[in-house]
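Have a look at the model first.

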Amino acid sequence: MAEYTVTPWEVSGKIDYEKLVKEFGTKPLTDSLVKRIEKQAGKSHLFLRRKIFFSHRDLDLVLDGFDKGQKFALYTGRGPSGHTHIGHLVPWLFTKYLQDAFNVELYFQLTDDEKFFVKDLTPEQTRDFAYENALDIIACGFDPKKTHIFLDTEYAKTLYGIASRVARKTTFSTARAVFGFSNETNLGLIFFPALQAAPCFLPSVLKGKNIPVLIPAAIDQDPYWRGIAREAAPKLGYPKPAQIHNTFLPGLGEGGKMSASDPRTAIYTTDDEKAVDKKVGNAFTGGQPNVAMQREKGGNPDICPVMHYFHFLFEEDDKKVEEQIQLCRSGKLLCGEHKKMLAEKVNAFLKKHRQKREKAKKQIEKFMLRD
Ligand code: TRP
């Protein structure tokens, strides 16, 4: 059995990201590409410094074009199957950094149709989650003048036209090979990849001229771009969409990504302080079974979600991250103390996020793209 699985519908096991780059045929994000982005942004980002974004396709081409005056558009999305957890925020926060750095438009797809096809949810539920998720997206601070959010079922008039063109150029045998569809797969899901590919060409359609697209997203979404959108692009006369991929924020349990299907190990943006304290308090750690052993042998930060969270999101200062790792290994830092530090950071972050989320309720129509 494989040690890990990474597909758009399942992410599990201990992922070997270097191997994944080879398997998927993407390119590692080099230091020189990181520098080019940071130079444009005028500031570094911990997601880049710490290789949380680690892989890409054609990012160099997009940056070359930009240097020559060719503006690109950003595209990312969310499958609204539940409330937003902090793992979802990773690509969104990075997308905000890119929007600021390059001053470009962002198209944000909410695939309420997809989640109706794959989950045990009604169309009304996935639509409601889409609007809930939109509040978290807006709370990330995107520019309302340059950010366009849409639901597949509501923006269908425009999207369906583009998706049809993609579908016309994609055979079932290709889609089956890319996604592993079987005789039991419902027809909605079989057509769906054309819909997720459609926004790759939406900026070109809306502006009436070819606009390159860059997609910041977790690497599990790569099959859509590799197998469908990048294949259809030249056939339809559009530029191939470029990608920049992130790794997954681990869950609070032992191994595996933060997943909405295990609410005890996922921190939702809607969780209150008590819930956060409890979830972080119950987290798996790389620590020893008792204090005496921890003092003597030290903990293992490599397998510890508490440490991972500081590294991923909650400690901006690289020196402090290093310091925590040393303190953990040497047994000077106890898991209980570390958890308390983390819960405080998470709660401070969520407090601000929730305020912005409240404000977003009044702004939502400014962001929605309608046809
Ligand atoms: N399929 C994605 C999910 O289930 C949602 C999505 C649509 C997306 N378009 C995207 C994600 C573009 C990243 C980039 O979450």
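Predicted model: local features only at pLDDT ≥ 70, side-chain atom pairs only at ≥ 80, totals over all residues.

Numbering runs from 1 along each chain as its sequence is written, and side-chain values use heavy atoms, with hydrogens and water left out.

**Around the ligand**
- The ligand has 14 residues around it, and Tyr75, Gln109, Glu114, Gln196 and Gln221 come nearest.
- By class, that shell has four nonpolar, seven polar and three charged residues (Ala, Val, Leu, Ile, Met, Phe, Trp, Tyr, Cys and Pro are nonpolar; Asp, Glu, Lys and Arg are charged; the others, Gly among them, are polar).

- An N or O atom in the Gln196 side chain is 2.8 Å from a ligand nitrogen atom.
- Gln221 puts a polar side-chain atom 3.0 Å from a nitrogen atom of the ligand.
- For Lys115, a polar side-chain atom lies 3.1 Å from a ligand oxygen atom.

**Secondary structure in the shell**
- Strand E5 (73–78), helix H6 (112–118) and strand E8 (213–218) each supply at least two shell residues (helices are DSSP runs of H or I with at least four residues, strands are E runs with at least two, numbered from the N terminus).
- E5 gives the largest share of the shell, four residues.

Note on methods: Near = heavy atom within 4 Å. Polar contact = N/O pair within 3.5 Å; in protein donor to acceptor, adjacent residues only side chain to side chain.
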